[in-house]
Amino acid sequence: NPLTQLPGNTQIDLELRRRVDSNEPFALMHIDIDNFKAYNDLYGFLRGDQAIRLLARCAGEATGASPSGDGFLGHVGGDDFVAMVPPGDAEEVAQDIIDTWDRNVASLYDPADVERGYIEVPDRRHRLHRYPLSTLSIGIATNVHRTIESHWHASQVASEMRAFAKNSDRSSYEIDRRSTDRGPSPE
């Protein structure tokens, strides 16, 4: 990706396919900036690019510090990122990304907006809407408790988990713990 210098969609696809096909345990994280469109609409794309670079730094430091050393980070586009780490590292890496983001997010905003705790952005009808300072939502899929059938399936599960994480009013992550084990078959 030209903005972040991170692997883009082709490399992400290849790495995810490799991890799924190897049948080795992995965790896939979908990372997203909440309220990014409102931020970008108010401050403009140049400051939006600063937010994207901040997330790239936060996620890069966390995946690079993954205890196993087997982290991968890619930039899908816009404010969407993908990380892959061993499943035992996933929650620690997700929390590290969140902690670093939350410590630095105020630097993206004008001081008055930080003090207020929100920005006001007009919609198409010129009605003002309030948006809190940006948080992160991270969805995590793993093949520890369930069979991941394909790279598409892994991405779908991580996206579902990210949607759950978005229900929080603060930066958060959700990890899929559902199992494909149906228990013993009836006799």
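Five strands make up an open sheet of mixed pairing, ordered E2-E3-E1-E6-E7. Strands (E, at least two residues) and helices (H or I, at least four residues) are DSSP runs, numbered from the N terminus. Two strands pair if DSSP finds at least two bridges between them. Strand E2 (72-77) and strand E7 (172-175) are the edge strands, each pairing on one side only. On average, neighbouring strands of this sheet are turned by 20 degrees against each other, direction ignored.

This is a predicted model, in which local features need pLDDT of at least 70 and side-chain atom pairs count only at pLDDT 80 or more, while totals for chains, interfaces and linings use all residues. Residues are numbered from 1 along each chain as its sequence is written, and side-chain values use heavy atoms, without hydrogens and water.

Strand E1 (residues 27-33) and strand E6 (residues 136-142) run antiparallel, joined by seven bridges. Isoleucine 31 has isoleucine 138 in E6 as its bridge partner. H1 packs on the sheet and touches E1, E2 and strand E3 (80-85). The direction of H1 makes about 135 degrees with that of E2. Helix H4 (residues 87-104) lies across E1, E3, E6 and E7, at about 175 degrees to E6. Contact means heavy atoms within 4.5 Å. Axes are lines fitted to C-alpha atoms, for helices over the stretch in contact, and angles run from 0 to 180 degrees between N-to-C directions.

The model has 17 salt bridges, each a side-chain nitrogen of Lys or Arg within 4 Å of a carboxyl oxygen of Asp or Glu. Three of them are listed here.

| Salt bridge | N to O distance |
|---|---|
| Arginine 18 – glutamate 15 | 2.7 Å |
| Arginine 130 – glutamate 120 | 3.2 Å |
| Aspartate 123 – arginine 127 | 3.1 Å |

Salt bridges with shared partners join Glu15, Arg18, Arg19 and Asp70 into one network. Arginine 18 and glutamate 15 sit three residues apart in helix H1 (residues 9-22), so about one helical turn separates them. Glutamate 15 is buried at 15% relative accessible area, while arginine 18 is partly exposed at 44%. Buried means under 20%, exposed over 50%, and partly exposed in between (1.4 Å probe, protein chains only).

Arginine 130 and glutamate 120 also form a salt bridge. Arginine 130 lies in strand E5 (residues 128-132) and glutamate 120 in strand E4 (residues 118-122), so the pair ties together parts 10 residues apart in sequence. Arginine 130 is exposed at 57%; glutamate 120 is partly exposed at 30%.

Confidence comes last. Mean pLDDT (the predictor's confidence in each residue, from 0 to 100) is 92 for the protein chain, with 95% of its residues at 70 or more.
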